[in-house]
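Hi,

Here is the structure I said I would pass on.

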Amino acid sequence: MGNLQSRIKQAVAEAAVEQIRSGMVLGLGSGSTAALMIQALGEKLREGQLEKITAVPTSFQSQVLASKLAIPLVDLNQVEAIDLAIDGADEVDPGFQLIKGGGACHVQEKLVASAARRFVVVVDASKLVNRLNLGFLLPVEVLPGAWTLVHRRLRSMGAECELRIAERKAGPVVTDQGNLVLDARFPGGIGDGAELERQLNSIPGVVENGLFIHLVDQVLVGEAGEQGIQVRTLTCPGGPSFTSSCR
Ligand code: 5RP
């Protein structure tokens with residue numbers, strides 16, 4: 001694997017796979033880091049280092065990749081619980097609040113994370129921020145017939161927001177559920193994610209937003225150090241400024 005960023009993602013993905021045990025029901029996240037994790041899992045299964053795994057994918061992307069690697073898949077409705085879900089993130093704050101949805105997969109990702117006994121997040125150090133939403137916009141998935149209504153409501157809450165437009169396709173990004181995504185910036189960023197999550201999900205037409213609150217058990221952070229690429233483990237509460245968004 002070529003550049004430094006990719007090698008960091010590979011290291012953190014492999015570190016997460018070390019936590020998988022034979023017989024587990026897994027949640028497979030989405031995005032480039034999660035894809036490397038799925039790839040590493042597929043290899044371990046092929047080599048016989050792991051067996052009797054079943055997995056719930058969180059997107060079309062992870063479903064197709066896992067099928068290609070012959071990872072046995074099940075629907076969320078077919079499992080009672082998920083032992084371990086592993087997924088990437090777009091921003092992680094010191095209290096383990098996350099923004100996800102860079103790949104517009106946050107609806108299924110949140111379902112799987114909330115059904116998991118243990119949720120491990122895999123990121124490189126660029127994803128660690130002091131305050132959410134100063135850099136990355138917050139994705140809000142909306143029903144197509146309600147996007148202008150929700151857009152107005154978000155603006156009335158003080159947010160700037162835009163409809164996510166597709167690349168290499170005319171028009172908007174359409175999610176795996178057939179919905180649209182509004183990307184929002186709240187003035188001053190997001191401090192109390194729990195309150196904002198509640199407010200957003202009470203707007204009619206909002207399907208789900210990309211805030212992940214009280215879901216995370218552990219964050220694995222890949223970074224380049226003096227001794228090469230290292231993976232740091234942040235475990236809840238994780239540090240002096242950590243407040244409360246651990247599970
Ligand atoms: C997709 C996600 C991804 O996990 C998030 O965008 C991080 O992706 P990457 O590992 O490619 O940086 O939330 O909806």
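**What I found around the ligand**

A backbone N or O atom of S30 sits 2.8 Å from an oxygen atom of the ligand. Keep in mind as you read on that this is a predicted model.

The backbone turns up again at C105, where a polar backbone atom is 3.2 Å from an oxygen atom of the ligand. With E109 it is the side chain that matters for the list: one of its polar atoms lies 3.1 Å from a ligand oxygen. On its own, the ligand has 380 Å² of accessible area, and the protein covers 91% of that.

Which residues come nearest to the ligand? There are 17 residues around the ligand, and S32, T33, D90, K100 and K127 are the ones that come nearest. By type, the shell around the ligand splits into eight polar, six charged and three nonpolar residues.

The domain assignment gives two pieces of chain to keep track of: domain 1 covers 4-129 + 213-235, and domain 2 covers 138-209. Their C-alpha centres are 24 Å apart. Where the domains meet, 14 residues of domain 1 are in contact with 18 residues of domain 2.

Cheers

Notes
Residues are numbered from 1 along each chain as its sequence is written. This is a predicted model: local features need pLDDT of at least 70, side-chain atom pairs count only at pLDDT 80 or more; totals for chains, interfaces and linings use all residues. Side-chain values use heavy atoms; hydrogens and water are left out. A residue is near a molecule or strand if one of its heavy atoms lies within 4 Å of it. A polar contact is a pair of N or O atoms within 3.5 Å; within protein, one must be able to donate a hydrogen and the other to accept it, and residues adjacent in sequence count only if both atoms are side-chain atoms. Accessible areas come from the Shrake-Rupley method with a 1.4 Å probe; for residues, only the protein chains shown count as cover. Ala, Val, Leu, Ile, Met, Phe, Trp, Tyr, Cys and Pro count as nonpolar, Asp, Glu, Lys and Arg as charged, and the others, Gly among them, as polar. Domain bounds come from an automatic or database domain assignment. Contact means heavy atoms within 4.5 Å.
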